[in-house]
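Visitor: Could you walk me through this structure? I'd like to start with how the chains meet.
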Protein chains: 2
Amino acid sequence: MTATPAQRPSAAAVNKAINSLKEYFGSRLSTAEAVRHQYAHTLTWLPTQPADAVVFAETTDEVAKVVSACAEHRVPVIAFGTGTSLEGHVNAPLGGVTICLRDMKRIVSLHAEDLDATVEAGVTRTELNAHLRDTGLFFPIDPGADASLGGMAATRASGTNAVRYGTMKDNVLALTVVLANGEVIHTGTRARKSSAGYDLTRLLVGSEGTLGIITELTVRLAGIPEAISGGICPFASVASACEAVMMTIQMGIPIARIELLDEVQVRACNNYSKLGLPETPTLFVEFHGSTAGVAEQAEAFGAIAGEFGGGPFRWTTHPEERGALWQARHDAFWAAQSLRPGARAFSTDVCVPISRLAECVAETKADIEASGVIATVVGHVGDGNFHTLPLVDMDDPGDIARVEAFIGRLTERALAMGGTCSGEHGVGQGKMAYLPKEHDAGALDAMRAIKRALDPHNIMNPGKLVAI
Amino acid sequence: MTATPAQRPSAAAVNKAINSLKEYFGSRLSTAEAVRHQYAHTLTWLPTQPADAVVFAETTDEVAKVVSACAEHRVPVIAFGTGTSLEGHVNAPLGGVTICLRDMKRIVSLHAEDLDATVEAGVTRTELNAHLRDTGLFFPIDPGADASLGGMAATRASGTNAVRYGTMKDNVLALTVVLANGEVIHTGTRARKSSAGYDLTRLLVGSEGTLGIITELTVRLAGIPEAISGGICPFASVASACEAVMMTIQMGIPIARIELLDEVQVRACNNYSKLGLPETPTLFVEFHGSTAGVAEQAEAFGAIAGEFGGGPFRWTTHPEERGALWQARHDAFWAAQSLRPGARAFSTDVCVPISRLAECVAETKADIEASGVIATVVGHVGDGNFHTLPLVDMDDPGDIARVEAFIGRLTERALAMGGTCSGEHGVGQGKMAYLPKEHDAGALDAMRAIKRALDPHNIMNPGKLVAI
């Protein structure tokens, strides 16, 4: 599924770019094979394609310095945050220079009174939340991994709270970006809304480093709710669980999290996180609000669950009990992986209109059974978004082919239901083949025209998203 | 403030484009002077600049037909919805063809179970809400005018509900767009989230017809809350009213509307809408939620208002009383205009981080008094967004100059506080001069590169936003 449409630069060009950076960066530039491999390796079955060098930048100006040097010699530049991307975003199919942003850790400013913070791209979501301790605020977007906020913006990430708080698209107010010519620009302001020009912020969020490198971002924060309650509710089938989700959303219950784990995933979590849950499709839910509000929401949800044969619905406001459940949910990937020793779990996701959720999940479960794939289903179902985690024996080409075909059918199914081939993981290399199935040719041409306009020499993370 | 950087096409080119459309469109194409003027006229002090012809399109394909003909002859194309824009968006500084979308009135689909609807661009917000009657759903975005949804998307409009429900940026899921080459593309899907490629939807929302013409859009709908309560609360000063707003937002009260009217605007509304309110700065508020929830919110707001010397806070769940108040709020523009017979009211807006709101409004009020401008202040203050409505004697060049200078200072003040030169009205012609003060040169260059990439012959609403 990898596309390498452009030419690898000459070794001479690459050497010139690297040599021009060596003196300044010293030991913060590495061409060691182990380092080059490490910074191209992610949780994907795509082969690792290392860059020619890895530079550890500490400031926006240093990122600009690297991009300028690479632009001069037409050498690719790949941004790296924490390496938790799932679709080969940090591979270097044409070589070039990987810029690791992990050391850009400054909290630039915190405006608690405006519910926003400006951070450097390498700050992770848990680091930001640790910084916010004692402010009464939190940053709600929580992909499974402790990803960097720059990487989360670049891939338009979301997570379990998105049904209530939105995705990175909704929670980034402003960006500092290094463009392909090495120029530093700022997009957006700290104002909550604006109609002053093209929305460069939203164009760059989800652009996966192909239009520019995000070095700083201003994100919205949320107040920690007065009360939080959470609970779990078992169902007889994934279809009935999904129908309860659909009704919950349609009734307008302002649920903060509503996650589906199928019976295979529950079994995996029981084993991995020692939960002791009944091994049946289960919803994990959480409510945020006033004390009276969360009780009201939980009661309304419990009634809906009951209508669809779910229950018993057990909920608690006790922080430790809730914490254990959500830790288990966040560990779902590792739990799934433990189901098949020697195999690797690969997470893929789609998103459909909520009315098609039950149908899409049920058909996908049937497909898993019929095709002999071993996979769990787990999802942010309040958005119509769900993941499957197929377990692949990487030494068995037949197994790999079976899983690839399954993911192809999953994507076609979601698209046929009015959905998208990627709810929150991005395109990278892994989902490039599906973009022409989702977008019409004119829309893809428009994306390519924008790519060419902002990156005329195709040096920004080439071979990803809409490769030109 | 008008910019006309490109050349007007030759009369021969314009005639060829118009003649190529005459046979098909018949009486739906007009070159009558009165019609040409009518479809360039808006609520702005910019001079009316009529197009050479106005075409009344009824389908996306017809819009594509007009754009194709104009593209062939390099003739400008200007989209027109209801003509309620405020910054000269529908002027035709280089002539060309105005495409009026007012007859594109179809509700293409309604998916109540997914809380979305797809409509043609000419459907207005009240028409959509009338269609939604009996579904339990509503479309929350409400600029003062009954604008077309296509125009609202094109200008990234918002309104009184944005503090709770977001702006058009947040409520458009998918678009059908005619590009500069006449090609029809679709952006987005009905899925609630996606990370499958560049966010063309968000790029086109707010692009003011300069990158393409929106002919259909899929919008999010909201459930009508179980309970709605609304009320008004007078304050001794705009500063104390704004401080109460800031605290309300910072406390996380999920307020649905919180609008400031200064004492001048209250007086105007008293006269125009026969309200009988005390003529002092006043907040109009509304709460959406469960019956218990809205009572809880109203109580919390009342306590905050009291802390800042506001009150008495009177609130009601009675629909007719609420309706009369909000009608008066929506009529604020006309009420302001009635304050100075013979003068015209012009609405301009800025938006600042909420922590700077009190300061920005107070300084603006002081500026109004010091400069002898007659103007009201009214705003969607929960977002940090407020309008001033200067009343201008259009026969007095001194008055016009005074108001222009005032708007310049207002904009500089908002930008200096980390805000934006336009919260919700867009750029058009009127705010072009302020974009270089808000965005750095590299960001404007990126906008122009995108404009050139998608509209290489500069025919889409030329001379607006970032004219090339």
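Visitor: How much area is buried between chain B and chain A?
Guide: In this predicted model, the area buried between chain B and chain A is about 5,600 Å², and carbon and sulfur atoms give 58% of that; buried area here is the accessible area, taken with a 1.4 Å probe, that two parts lose on being put together, summed over both. B:Lys193, B:Ser195 and B:Tyr198 supply 17% of the area that chain B buries against chain A, more than any other three residues.

Visitor: Before we go on, what are the ground rules for numbering and confidence?
Guide: Residues are numbered from 1 along each chain as its sequence is written, and chains are lettered from A and ligands numbered from 1 in the order in which they are written. Since the model is predicted, local features need pLDDT of at least 70 and side-chain atom pairs count only at pLDDT 80 or more, while totals for chains, interfaces and linings use all residues, and side-chain values use heavy atoms, with hydrogens and water left out.

Visitor: OK, how many residues of chain B are in contact with chain A?
Guide: There are 73 residues of chain B in contact with 73 residues of chain A, where contact means heavy atoms within 4.5 Å. Of the interface residues of chain B, 100% are also interface residues in chain A, so the copies meet through the same surface.

Visitor: And how are the two copies related?
Guide: Chain B can be laid on chain A with an RMSD of 0.0 Å by a turn of 180° and a shift of 0.0 Å along the axis, the superposition being by least squares on the C-alpha atoms of residues with pLDDT of at least 70 in both. That is the relation of a two-fold axis.

Visitor: How many salt bridges are found across the interface of chain B and chain A?
Guide: The rule finds 4 salt bridges across the interface of chain B and chain A, each being a side-chain nitrogen of Lys or Arg within 4 Å of a carboxyl oxygen of Asp or Glu. One of them pairs A:Lys193 with B:Asp383, with the closest N and O atoms 3.2 Å apart.

Visitor: Which helix gives the largest share of that side of chain B?
Guide: The largest share of the side of chain B that touches chain A comes from α17(B), with 9 residues; helices are DSSP runs (H or I, at least four residues) and strands are DSSP runs (E, at least two), numbered from the N terminus. The residues of that side of chain B divide into 29 nonpolar, 26 polar and 18 charged, with Ala, Val, Leu, Ile, Met, Phe, Trp, Tyr, Cys and Pro counted as nonpolar, Asp, Glu, Lys and Arg as charged, and the others, Gly among them, as polar.

Visitor: Switching topic, how is chain A divided into domains?
Guide: Chain A has domain 1 (11-103), domain 2 (107-223), domain 3 (225-426) and domain 4 (433-457), with bounds that come from an automatic or database domain assignment.

Visitor: What lies between domain 3 and domain 4 of chain A?
Guide: Domain 3 of chain A and domain 4 of chain A bury about 480 Å² between them, 62% of it on carbon and sulfur atoms. A:Glu412, A:Leu415 and A:Cys421 supply 62% of the area that domain 3 of chain A buries against domain 4 of chain A, more than any other three residues. A:Glu412 also forms a salt bridge with A:Lys437, the closest N and O atoms being 3.3 Å apart, and the rule finds 1 salt bridge across that interface.
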